[in-house]
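Hi,

Here is the structure I promised to pass on. Have a look at it first, and my notes follow below.

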Amino acid sequence: MSEEKSFSHLALGIIFTLTGIMMFFSIPGKMQEIQQIKQYSQGMSGFLRISFYLISILLTGGGIRKILIHVKSRREEKKID
């Protein structure tokens, strides 16, 4: 894998991971704001909460996966050299 592509995969993994973690911790505050809207305060709040947590978990997991793949490929490159 080229050096530029390798760095971009690592950077993307870090961005995904940080975005997922920040989203996970900001969901309770955002849900309070959403519940003040009459359309969403009745039955949608549970669905939205689950959806937001699922997205944040997927972002974090995908970012960690990208970082681990990058680290593994770097180790393999060092073994070859």
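Is Tyr 53 buried, partly exposed or exposed? Tyr 53 is partly exposed, because its relative accessible area is 23%; buried means under 20%, exposed over 50% and partly exposed in between, with a 1.4 Å probe and protein chains only.

Before the rest, some bookkeeping. This is a predicted model, where local features need pLDDT of at least 70 and side-chain atom pairs count only at pLDDT 80 or more, while totals for chains, interfaces and linings use all residues. Residues are numbered from 1 along each chain as its sequence is written, and side-chain values use heavy atoms, leaving out hydrogens and water.

**Aromatics**

Rings of Phe, Tyr and Trp (its six-membered ring) pair if their centres lie within 6.5 Å, and planes under 30 degrees apart count as stacked, over 60 as edge-to-face and the rest as tilted. By this rule there are two aromatic pairs. In one, Phe 24 and Phe 25 have ring centres 5.7 Å apart and planes at 90 degrees, so that pair is edge-to-face. Phe 24 also makes an edge-to-face pair with Tyr 53, at 5.0 Å centre to centre and 65 degrees between the planes. Since Phe 24 lies in helix H1 and Tyr 53 in helix H3 (residues 44–80), this pair ties together parts that are 29 residues apart in sequence. Helices here are DSSP runs (H or I, at least four residues), numbered from the N terminus. Phe 24, Phe 25 and Tyr 53 form one aromatic cluster.

As for cover, Phe 24 is partly exposed at 35% relative accessible area, whereas Phe 25 is exposed at 65%.

**Surface patch**

Ile 21, Phe 24, Phe 25 and Ile 57 form a nonpolar patch on the surface, together about 410 Å² of accessible area (Shrake-Rupley, 1.4 Å probe, with only the protein chains shown as cover for residues). Patch residues have over 30% relative accessible area and no salt bridge, and nonpolar side chains (Val, Leu, Ile, Met, Phe, Trp, Tyr) are joined within 5 Å, like charges within 9 Å. A salt bridge is a side-chain nitrogen of Lys or Arg within 4 Å of a carboxyl oxygen of Asp or Glu. Helix H1 (residues 3–35) gives the most to the patch, with three residues.

**Helix H1**

Buried residues in H1 include Gly 13, Gly 20 and Met 31.

Cheers

Note on methods: Helix = DSSP H or I, 4+ residues; strand = E, 2+ residues; numbered from the N terminus.
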